[in-house]
Amino acid sequence: MKGTKAQGTEIVIPQLAESLVSATISKWLKKPGDYVEQYEPICELITEKVNAELPSTVEGTLLEIVAQEGETIPVGGVVALIAETAANGAGAANAEESGSQSAAGGESAIAQPAEGHAAADGSMRSRYSPAVQTLASEHGIDLRAITGTGMGGRITRKDVLAYLENGRPARVIPAVSDAKAVIAAVPAVPQEAPKLPVRSTGLHLSEEPPIPKIEVESSRDGGRNEYIIDVTPIRNTIATRMRQSVAEIPHAWTMIEVDVTNLVVLRNKIKDEFMKKEGINLTYLAFVLKAVVNAIKDYPIMNSVWAVDKIIVKRDINISLSVGTEDSVITPVIKKADQKNIAGLAREIDELSRKARSGKLKLDDIQGGTITVNNTGSFGSILSYPIINYPQAVNLTFESIVKRPVVINDMIAVRSMANICLSLDHRILDGVICGRFLQRVKENLESFSLDTKLY
């Protein structure tokens, strides 16, 4: 990822994925003269698939910014020059994980410092390797709650694994007189999310979405009657994929009505307890995904793609989850959703949605989807005609839950009803199979009761 010149070490655009050939510099996080630690982000990148941060591959002083904001750089192109510190070579060697063993077969001296050394020397305390950062992100761990056993108090992968296994730091926290230090060493207890006021209209978002950058173009008479919005790489990719989907896939559409009264009763009963236990909101979408996954098991052809002279049916059920903001739609993927229970799906929904809206998704998070599910009912929609997420065969939307009068056994009752809309690739699927699939989804949703298990 780097080459060395007399004036400094080159920081280049890495090969983020096989299909990506370039990236655009969105924002510089450092300026010339700033000291940069190894793996510390120096700029934000925009690719055609996802936004990402570019970490420095070395430690040192930023000498020069080669690529400016808004400039598109090919993979391997130089974006900055960094003057490495004199001890950087040795420091990089010392940053290896503590699980590596010496030639003699025992733990290396770096991996096993004196018991009091890590506590006394905290120079490496806040420096995390990519392996440690990835592991902590996957399990939602605050690394400040872990005591490092590596050199200079550095947290190793072994420390994180021990913390996960034991629910506490890898070694006993030394006695200290400073009460603040003791508090900092104790793992944070998840706090119950504040209850948001109920809104009858508008977007139900957990945070304000980013607003696209707008430039004003003045007319000849000085008036301002037009607005210009730059097309970002992500928006350009969305446009390309939508054109490709509509041009190549013969879309058909169908809808079914579902009585989710029992589901509403179930969720209202257990959502507060689930929040206290898991620290996340139990949404209707988790139940919908479970109903869809179980229906796909009965009708696996729904989980397929068109390959000109053949139809490829995917074994793994990887659900692309549509997450939208004001300026884009991203589809992070829940991998092997058929192997997860309702609680596990709820955790995946929460994690991927947060990562998507904060720009923290990785390329692996958005690849491999086999069917798309969209919760359009979250912003009040009752009917949608979704465009298929190319090259998948199905895009399913769960609409808003609305109380309506319904005739049951020749009597009128007020029930919680919702529509499920389905766009299908008519090269692969026909109305009969899709009708049966939706009926099975309906049966699964209507079968939820107070006896339903989340785990």
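Helices (H or I, at least four residues) and strands (E, at least two) are DSSP runs, numbered from the N terminus. The model is predicted: local features need pLDDT of at least 70, side-chain atom pairs count only at pLDDT 80 or more, and totals for chains, interfaces and linings use all residues. Residues are numbered from 1 along each chain as its sequence is written, and side-chain values use heavy atoms, with hydrogens and water left out.

**View 1. Asp-365 in the loop between α9 (342–357) and β19 (371–374).** Asp-365 has 14% relative accessibility and therefore counts as buried (under 20% relative accessible area; exposed is over 50%, partly exposed in between; 1.4 Å probe, protein chains only). Its side chain makes a polar contact of 2.9 Å with that of Lys-355 (a pair of N or O atoms within 3.5 Å; within protein, one must be able to donate a hydrogen and the other to accept it, and residues adjacent in sequence count only if both atoms are side-chain atoms). Neighbours within four places in sequence aside, Asp-365 is in contact with Pro-332, Val-333, Leu-352 and Lys-355 (heavy atoms within 4.5 Å).

**View 2. Helix α9 and its ends.** The 16 residues of α9 reach 23 Å from first C-alpha to last, close to the 22 Å expected at 1.5 Å a residue (expected span: 1.5 Å times one less than the number of residues). At the start of α9, a side-chain oxygen of Asn-341 lies within 3.3 Å of the backbone nitrogen of Ala-343. Gly-359, with a positive phi near 70°, follows the helix. Buried residues of α9 include Leu-352 and Lys-355; the cover over the buried residues of α9 includes α7, α8 and β15 (319–321).

View 3. Cys-434, Phe-437, Leu-438, Val-441, Lys-442, Asn-444 and Leu-445 are buried in α10. They lie on the same side of α10 because they cover an arc of only 165° around the axis (the arc of the directions from the helix axis to the C-beta atoms). The buried residues of α10 pack against β12 (251–259), α7 (261–278), α8 (284–298), β20 (394–398) and β22 (411–425).

**View 4. The hairpin of β21 and β22.** Strand β21 (residues 402–408) runs antiparallel to β22, joined by seven bridges (two strands pair if DSSP finds at least two bridges between them). Arg-404 stands opposite Arg-415 in β22. Two residues separate the strands, and Asn-409 in the turn has a positive phi of about 55°.
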